[in-house]
Amino acid sequence: EKSLTEQLDVFGGNVIFISPGKMNSNSNPIFGSGGFGSQALAGKLTTTDISMLRGINGIEYVDGLITQNADVVFRQETATIPIEGSSSELWKIFNIVDIEKGRMLSSSDRRVAVVGNKIAKDTFDKEINVGDMIEIKGVSFRVIGILKPGSGFAASIVDSGIAISIEDAKDLFQEPGSREVNAIVIKAYDNIDLSRVVKDIE
């Protein structure tokens with residue numbers, strides 16, 4: 001019987017990323033048949049999983065992401081672009097991005113967006129700037145920030161996508177009342193053995 005399981009990858013340091021997919025970390029299986037790993041059989045992650053993870057010793061921060069490709073319109077041009085909905089706190093905690101122009105999202109922001117460098121400069125005929133309006137899935141957003149080019153792991157996240165609040169992402173991509181998230185990001189405390197945290201998650 002084929003089942004959809006979760007992938008847990010350690011991106012160096014003390015960061016763990018969980019998303020629907022294969023189960024592995026550094027090419028080795030992580031989850032067993034019980035515990036948190038059994039949630040993978042449904043192929044979904046929810047806010048219940050986030051709450052459970054917050055109770056594990058050694059974890060400093062846990063949050064969910066809502067990500068989906070969507071049609072983005074800028075000056076009558078359309079491109080399909082990855083959209084990432086997350087809390088403003090996530091970007092501060094992980095500190096993997098820098099702003100080139102404007103600012104990052106704040107907790108009170110709605111219908112505003114921070115645009116990756118490649119999207120801002122190379123995707124449309126005209127360069128996107130702070131203050132410009134874009135449409136995501138038919139909804140207008142004001143651009144408040146342009147990110148600096150990323151490097152390494154960060155580049156895949158920040159260069160080719162658009163960041164919006166997780167509340168806006170829920171409105172755009174989910175049915176009312178949905179508790180599902182596409183991924184969960186975990187940060188362990190600096191002095192914690194990450195392998196022990198992984199075992200507790202298992």
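Analyst: Helices (H or I, at least four residues) and strands (E, at least two) are taken here as DSSP runs, numbered from the N terminus. This is a predicted model, in which local features need pLDDT of at least 70 and side-chain atom pairs count only at pLDDT 80 or more, while totals for chains, interfaces and linings use all residues. Residues are numbered from 1 along each chain as its sequence is written, and side-chain values use heavy atoms, with hydrogens and water left out.

With residues up to four places away in sequence set aside, Ser-87 touches Tyr-61, Asp-63 and Ile-166, where contact means heavy atoms within 4.5 Å. The side chains of Ser-87 and Tyr-61 also make a polar contact at 3.1 Å, that is, a pair of N or O atoms within 3.5 Å, of which, within protein, one must be able to donate a hydrogen and the other to accept it, residues adjacent in sequence counting only if both atoms are side-chain atoms.

Next come the nonpolar cores, sets of buried Ala, Val, Leu, Ile, Met, Phe, Trp, Tyr and Cys residues joined through side-chain atoms within 4.5 Å. The largest has 24 residues, and those with the most contacts inside it are Ile-83, Ile-128, Ile-134, Ile-136, Ile-162 and Ile-164. Among the elements that give two or more residues to this core are β4 (59-74), β8 (133-136), β10 (162-165) and α5 (166-173). A second, separate core of 14 residues includes Tyr-61, the partner of Ser-87 in the polar contact.

Beyond its neighbours within four places in sequence, Ile-134 is in contact with residues including Val-72, Phe-74, Ala-113, Ile-128, Phe-141 and Ile-162. Phe-74 counts as buried because its relative accessibility is 2%.

Turning to α5, its residues Ile-166, Asp-168, Ala-169, Leu-172 and Phe-173 are buried. Seen down the axis of α5, these buried residues fall within an arc of 155°, so they line one face of the helix; the arc is that of the directions from the helix axis to the C-beta atoms. The buried residues of α5 pack against β4, β5, β7, β8, β9 and β10, and one of them, Ile-166, is also touched by Ser-87.

Technical notes. Buried < 20%, exposed > 50% of the residue type's maximum accessible area, 1.4 Å probe, protein only.
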